[in-house]
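Reader: Could you walk me through how to read a few local features in a model like this one? Let's have it up on screen.

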Amino acid sequence: MYVHIDNASKTDSYCDHHYCYHHISPSGTGVAPFRSFIQHRVSQGYTDNMLVFGCRHRDADFLCRDEWETLSSTGKLTLLTAFSRDQV
C-alpha cells in the first residue's frame, strides 16, 4: 500500500487548515495506522472525514466496526464499505 501526503505549506504539520483532504482506502489490517489519523481529525473538530473500508465478511473481518459506525452515525465520518464474500 502506498500513501502520499503532500506538505504544500512546508510547516511542521501536514494539515494546518480545514481544507486539507486525504483519501484513505486501506484494506483489512491496513486500517490500523489510519484509525489514529481519523481519531485525531475528529478530536480537532473535523467532520468531513471519509473512510473506504473493504474486507471479506462484515461479521468476521470488519475491524473497529463499532467505532466506525459510531463516528458515522454521529456525522463525524462518511463510511463506505464493501464485503466481497457476503451475500446480498
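**Reading the model**

Author: Let's start with arginine 58: its relative accessibility is 28%, so it counts as partly exposed (buried is under 20% relative accessible area, exposed over 50%, partly exposed in between, using a 1.4 Å probe and protein chains only). Bear in mind that this is a predicted model, where local features need pLDDT of at least 70, side-chain atom pairs count only at pLDDT 80 or more, and totals for chains, interfaces and linings use all residues. Residues are numbered from 1 along each chain as its sequence is written, and side-chain values use heavy atoms, with hydrogens and water left out.

Reader: Which residues does arginine 58 touch, beyond those up to four places away in sequence?

Author: Contact means heavy atoms within 4.5 Å. On that basis arginine 58, which sits in helix α2 (residues 58–61), touches Arg65, Glu69, Thr81, Phe83 and Asp86. Helices here are DSSP runs of H or I with at least four residues, strands are E runs of at least two, and both are numbered from the N terminus.

Reader: On to α1. Which of its residues are buried?

Author: Phe34, Phe37, Ile38, Arg41 and Val42 are. Looking down the axis of α1, those buried residues fall within an arc of 135°, so they line one face of the helix; the arc is taken from the directions from the helix axis to the C-beta atoms. Ala32, Pro33 and Ser43 are exposed, on the face turned away from the buried side. The cover over the buried residues of α1 includes β1 (49–55), α3 (65–73) and β2 (77–83).

Reader: How do α1 and α3 pack, and at what angle?

Author: Axes are lines fitted to C-alpha atoms, for helices over the stretch in contact, and angles run from 0 to 180 degrees between N-to-C directions. For α1 and α3 the angle is about 30°, with the axes 12 Å apart. That makes α1 roughly parallel to α3 (under 35 degrees is roughly parallel, over 145 roughly antiparallel, 65 to 115 roughly perpendicular, the rest oblique). At this packing, Arg35, Ile38, Gln39 and Val42 in α1 meet Glu67, Trp68 and Leu71 in α3.

Reader: And phi: where is cysteine 64 found, and what is its value?

Author: Most residues other than glycine have a negative phi. Cysteine 64, in the loop between α2 and α3, has a positive phi near 60°.
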